[in-house]
Amino acid sequence: MTAPASADVVFVGSGVAAALAGAAIAKAGFSVLFLEAGPRVDRGTAVTRFQYSSAKGQNSPYPDQPYAPQPEESDFSAYYVEAGPDTFRGQQARIVGGTTWHWGGLAARFRPNDFKMHSKFGVGVDWPIAYGDMEPWYQAAEEEIGVAGDDTADFGAPRSKSFPMPPIPMTYADKQVGIAAKALGYSVLPFPQARNSVWRDGRPQCCGNASCVPICPIQAKYDATHHLAIAERASAHVEPQAVVHELVVGPDKRIAEVRYRRPDRSEGSATGKIVVIAAHTIETPKLLLLSTGDNAPTGAANSSDQVGRNLLSQIDVGIQGLTGIPCSPIADRSRPVALPSFGTAISATSVRPSASRLPMRAGRGRSVRSRLRRPSSNRACAAMR
């Protein structure tokens with residue numbers, strides 16, 4: 001085992017939570033260490049890997065590592081061991097920057113009633129805080145990662161300030177869906193996106209590559225490597241391929257040591273005045289429950305016996321349909337557009353990825369994401385996938 005590393009704050013994980021907090025702490029002058037189970041990702045290599053992947057899945061650009069396995073949508077049972085009646089299908093990416101590499105970039109706020117589920121709807125429990133308590137923090141998060149949105153669009157979440165960027169423009173396909181939806185009593189609005197609609201914070205504006213999931217070739221869509229770079233410029237250290245397997249709990253119930261293993265099976269350890277476990281929904285409780293000992297018989301931070309219980313996932317509905325006319329994301333169909341090979345930049349004035357969601361009428365439950373399946377003769381839709 002090598003000599004232990006030490007920092008004021010040690011983060012287990014390098015995704016969005018760790019990156020945002022770590023960058024702020026590093027800029028304030030404190031020493032920061034990120035321990036990440038997976039490798040660093042070269043964006044160009046990952047784009048090429050996705051281009052030639054037959055699966056085109058969320059983790060296609062980010063191959064599974066034998067020392068840090070991750071779920072794969074073709075066979076979730078290969079990673080998750082589940083015994084309950086419901087199947088969890090979360091798909092995290094164990095890489096530097098975490099799952100923000102392949103997230104869709106949709107940046108929605110809770111509505112006020114979401115904090116009052118029991119008192120309003122008789123289900124669940126009410127939050128101990130209200131929307132008004134969270135609103136300034138929503139705004140701060142949107143400013144930090146960069147969210148594009150339409151201030152005039154009403155999603156039921158009141159705002160104290162404007163969106164940091166103007167909305168991603170609606171595509172031709174969005175507008176055609178809007179025409180059909182209007183006849184059914186629905187409206188189509190541009191959804192808030194953590195994707196640059198203008199050049200901002202050293203990242204370019206979206207140019208319509210239309211591969212937000214699983215990878216933005218130019219980082220117009222936010223991912224946590226942006227803030228990891230900020231943290232590293234402020235002297236933070238990122239240790240990739242460091243698979244944390246145990247948190248040593250001291251007599252004072254604080255984390256006395258973080259132990260990790262490298263791909264060559266050598267051991268490492270780290271200590272910090274503060275240890276933050278930010279390793280995703282599954283890896284965080286897994287690590288806490290693995291960390292048993294005399295001072296933590298049921299696992300670290302688990303005196304309540306609730307660690308690993310009460311897992312909730314996002315419920316979403318997808319709808320596909322056929323259009324009566326050829327329909328593509330092309331904004332201006334009056335002139336031909338030559339589509340280059342997949343993964344390269346496309347003119348922002350001619351082709352844009354979809355930014356819309358169909359909000360359902362009150363009382364109808366969930367929002368419905370609209371996805372148009374192309375007619376076989378439409379080459380543009382084929383290229384944009």
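Q: Which residues are linked with Glu142 in a network of salt bridges?
A: Arg109, Glu135 and Arg159 are linked with Glu142 in that network. A salt bridge here is a side-chain nitrogen of Lys or Arg within 4 Å of a carboxyl oxygen of Asp or Glu. Keep in mind that this is a predicted model: local features need pLDDT of at least 70, side-chain atom pairs count only at pLDDT 80 or more, and totals for chains, interfaces and linings use all residues. Residues are numbered from 1 along each chain as its sequence is written, and side-chain values use heavy atoms, with hydrogens and water left out.

Q: How many salt bridges does the structure hold?
A: It holds 14 salt bridges. One of them joins the side chains of Arg159 and Glu142, at 2.8 Å from N to O.

Q: Where do Arg159 and Glu142 lie?
A: Glu142 is in helix H4 (131-145) and Arg159 is in the loop between H4 and helix H5 (172-183), so the pair ties together parts 17 residues apart in sequence. Helices are DSSP runs of H or I with at least four residues, strands are E runs of at least two, and both are numbered from the N terminus.

Q: Is Glu142 buried or exposed?
A: Glu142 counts as buried because its relative accessibility is 5%. Arg159 is partly exposed, with a relative accessible area of 26%. The cut-offs are under 20% relative accessible area for buried and over 50% for exposed, with partly exposed in between (1.4 Å probe, protein chains only).

Q: Switching to Glu283, what is the distance between the closest N and O atoms in its salt bridge with Arg94?
A: Those atoms are 3.8 Å apart. Glu283 lies in helix H7 and Arg94 in the loop between H2 and H3, so this pair ties together parts 189 residues apart in sequence.

Q: And how far apart are the closest N and O atoms for Glu283 and Lys286?
A: In that salt bridge they are 2.8 Å apart. Glu283 and Lys286 both lie in helix H7, 3 residues apart, which is about one turn of the helix.

Q: Which side chain makes a polar contact with the side chain of Gln92?
A: That of Glu283, at 3.0 Å. A polar contact is a pair of N or O atoms within 3.5 Å; within protein, one must be able to donate a hydrogen and the other to accept it, and residues adjacent in sequence count only if both atoms are side-chain atoms.

Q: Where does Gln92 lie?
A: Gln92 is in the loop between helix H2 (43-51) and helix H3 (117-121), and it is buried, with a relative accessible area of 1%. Leaving aside neighbours within four places in sequence, the residues in contact with Gln92 include Tyr79, Tyr80, His280 and Ile282. Contact means heavy atoms within 4.5 Å.

Q: Back to H7, what do its buried residues pack against?
A: They pack against strand S1 (5-12), strand S5 (243-249) and strand S7 (267-277).

Q: Which way do the side chains of strand S2 point?
A: Val32 and Phe34 point one way from S2 (residues 32-35), Leu33 and Leu35 point the other way, and all are buried.
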